[in-house]
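Welcome to a short tour of a protein model. Keep the picture open beside you as you read, and look up each place as we reach it.

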Number of protein chains: 2
Amino acid sequence: MTNAKLVECVPNVSEGRRRDVIERLSDAAASVAGARLVDVHSDADHHRSVFTIVGGSDAVEESVLRLAAVAIEHIDLRQHRGVHPRIGALDVVPFVPLAATPMSVCVQLAHRFGRRLAEAFAIPVYFYGEAALLPERRRLADIRRGQFEGLTESLAHDPGRAPDVGPNTFGPSGATAVGARQPLIAFNIWLRTSDLAVGEAIARVVRASSGGLPGVQALAFTSSRPGMIQVSLNLTDLAATPLHVVVAKVHEEARCRGVEPAESELVGLAPASAVLGTAAAALGLPSLETRQVLELAAEIPSVIPSLQPTDLPI
Amino acid sequence: MTNAKLVECVPNVSEGRRRDVIERLSDAAASVAGARLVDVHSDADHHRSVFTIVGGSDAVEESVLRLAAVAIEHIDLRQHRGVHPRIGALDVVPFVPLAATPMSVCVQLAHRFGRRLAEAFAIPVYFYGEAALLPERRRLADIRRGQFEGLTESLAHDPGRAPDVGPNTFGPSGATAVGARQPLIAFNIWLRTSDLAVGEAIARVVRASSGGLPGVQALAFTSSRPGMIQVSLNLTDLAATPLHVVVAKVHEEARCRGVEPAESELVGLAPASAVLGTAAAALGLPSLETRQVLELAAEIPSVIPSLQPTDLPI
């Protein structure tokens, strides 16, 4: 894979329960030489799976197109009920520049992928993030407003909701948001309470849009785990608000409300800087650099085992 | 560099104050193709520098021999006063297997290096760790008993202290312990007190030899930082006692005694598993795998900048 155009893509698919479908999606994503499927994270409550693919830009694009075909064939949004907001079978497709790849490569990639998706499958496509064509479409939450169910009506009556490419109507596969962005961290924290209002209050305290921590998006979800709810976080500015700061804040806000935090989960991958920053803070180190990690400094190959089928969640 | 014989060597040299000598030592260690000097950690209180070199076994051996020549030329142990125990200018030379390299390669490497060092510089050499020829020489502390000053007399009167190779007497360069071992973590924690007895009590609580945590060696040192002492740790069994557990224990024991922990420092490198384990614990994650770190999963080259001369401490 050429370093110049190394990219990551993190398609979010509205299927988190049927193991056979998740396996087909994984197989499709892993079927292109030069694109590596490095993580699959499925959540039955969210009814959603997040795939992480890295490689050269052309190979990654092809990999996501193959995954799209499987998602569109097997997922019917009319039957889909999960706690996570969504507008389509292939719900969100962000392209992320890695190493020396400029953001412009991912913006072009998003536009090309979006057009191919719209043409091949008659899917309405909205461009978001750095690939947004309209300023009011930079934020994913604005595109997803009303979700799958509301979007049908909006498309019929509100010209402002017309897709950037693709038809003005959709079938059981819904619509897709395609974007370009910097790496982010998706991170969920369970709390030992059944009271969703506690999670909603904490989400309001930490999220940037209600005056909380910069670069933090937060939602509270019910959970199938008995006596638990979940605070679901997206961290988009790790320099402004490091991961360990948000987690400590959520834990503290929970305890203030008499609620014990339970375990957390990372959805997809985290940048090395977030892991090193978290470890440094926990150990009392002023900093911790990648060159201080033995395997990285020694450039040991195959530190990373390939994803095995048995690693598949669910 | 061939992966089959990838090794690390972490020579400890009894010079932590003279910048020009530390630069000469670094230049010598970095002068062999195929051996990378990835870290230099100098400590003026310890009067000691720790060099981390990684690469193919032959290149690393040559790099450490060149460093040895500089150490032996410039360091006079008769003038050396520091808080850290030592027996020689080139005090300790551990070889560590990396990646798929078997320990036997490092044992052979230690023996060959030790013989070459003894012959070239008339240095008494003791083999320790996995390279020990006598069971009572597995532990470095036993070899270093009496230190440089005591060893002269011991060599003259106690046949049990005779070196494994090299002469039975030494000059201003002293003796050297050469060994093979698994990776360890060297980690120092400052505490906000001038009372060394507090540090000594904490060191006794945490170290394995006095019934503390398995795989933990600990000493307390005075410090030139005003109002501070240091607890200096070596962790040799990270599966039994992870880094973050020891650090939390030292912090807790200090606070129990009314002493606030100050910052920590990592000497040399830490295995990725220790960094990931620390981050997982801090974030409430059941585990964190190397494949969940973006740069590792994407195998992004040159995550690691080479060590620059300006990075040199002191």
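B:Arg144 and B:Asp91 form a salt bridge, with their closest N and O atoms 3.0 Å apart. A salt bridge here is a side-chain nitrogen of Lys or Arg within 4 Å of a carboxyl oxygen of Asp or Glu. The pair links distant parts of the chain, 53 residues apart: B:Arg144 is in the loop between helix 4 (140-143) and helix 5 (147-157) of chain B, and B:Asp91 is in strand 5 of chain B. Helices (H or I, at least four residues) and strands (E, at least two) are DSSP runs, numbered from the N terminus. Are these two partners buried or exposed? B:Arg144 is buried, with a relative accessible area of 13%, and B:Asp91 is buried too, at 0%. For these words, buried means under 20% relative accessible area, exposed over 50%, and partly exposed in between (1.4 Å probe, protein chains only).

Before going on, a note on what you are looking at. This is a predicted model, in which local features need pLDDT of at least 70 and side-chain atom pairs count only at pLDDT 80 or more, while totals for chains, interfaces and linings use all residues. Residues are numbered from 1 along each chain as its sequence is written, chains are lettered from A and ligands numbered from 1 in the order in which they are written, and side-chain values use heavy atoms, with hydrogens and water left out.

Side chains of opposite charge can pair when their charged atoms come close. Over all chains, the structure holds 40 salt bridges. Here are some of them, with the N to O distance for each.

| Pair | Distance |
|---|---|
| B:Arg144 and B:Asp91 | 3.0 Å |
| A:Asp58 and A:Arg112 | 3.3 Å |
| A:Glu149 and A:Arg81 | 3.9 Å |
| A:Asp39 and B:Arg291 | 2.5 Å |

Take the pair A:Asp58 and A:Arg112, whose side chains meet at 3.3 Å. A:Asp58 is exposed, at 54% relative accessible area, whereas A:Arg112 is partly exposed, at 34%. Both belong to one network of salt bridges that share partners, which joins A:Asp58, A:Glu61, A:Glu62, A:Arg66, A:Arg112 and A:Arg116.

Now look at A:Glu149 and A:Arg81, which form a salt bridge at 3.9 Å. A:Glu149 lies in helix 5 (residues 147-157) of chain A, and A:Arg81 in the loop between helix 2 and strand 5 (90-97) of chain A, so the pair ties together parts that are 68 residues apart in sequence. A:Glu149 is partly exposed, with a relative accessible area of 43%, while A:Arg81 counts as exposed at 53%.

**Where the two chains meet**

How can chain B be laid on chain A? A turn of 180° and a shift of 0.0 Å along the axis does it, with an RMSD of 0.0 Å, where the copies are superposed by least squares on the C-alpha atoms of residues with pLDDT of at least 70 in both. The two copies are thus related as by a two-fold rotation axis. In chain B, the C-alpha nearest that axis belongs to B:Ala279, 2.4 Å from it.

The contact (heavy atoms within 4.5 Å) takes 50 residues from chain B and 50 residues from chain A. Since 100% of the interface residues of chain B are also interface residues in chain A, the copies meet through the same surface. The size of an interface is often given as the accessible area lost when the parts come together. Between chain B and chain A, the buried area is about 4,300 Å², and carbon and sulfur atoms give 70% of it. Buried area is the accessible area (1.4 Å probe) that two parts lose on being put together, summed over both.

Between the two chains there are 2 salt bridges, and one of the structure's salt bridges joins the side chains of A:Asp39 and B:Arg291. The largest share of the side of chain B that touches chain A, 7 residues, comes from helix 8 of chain B.
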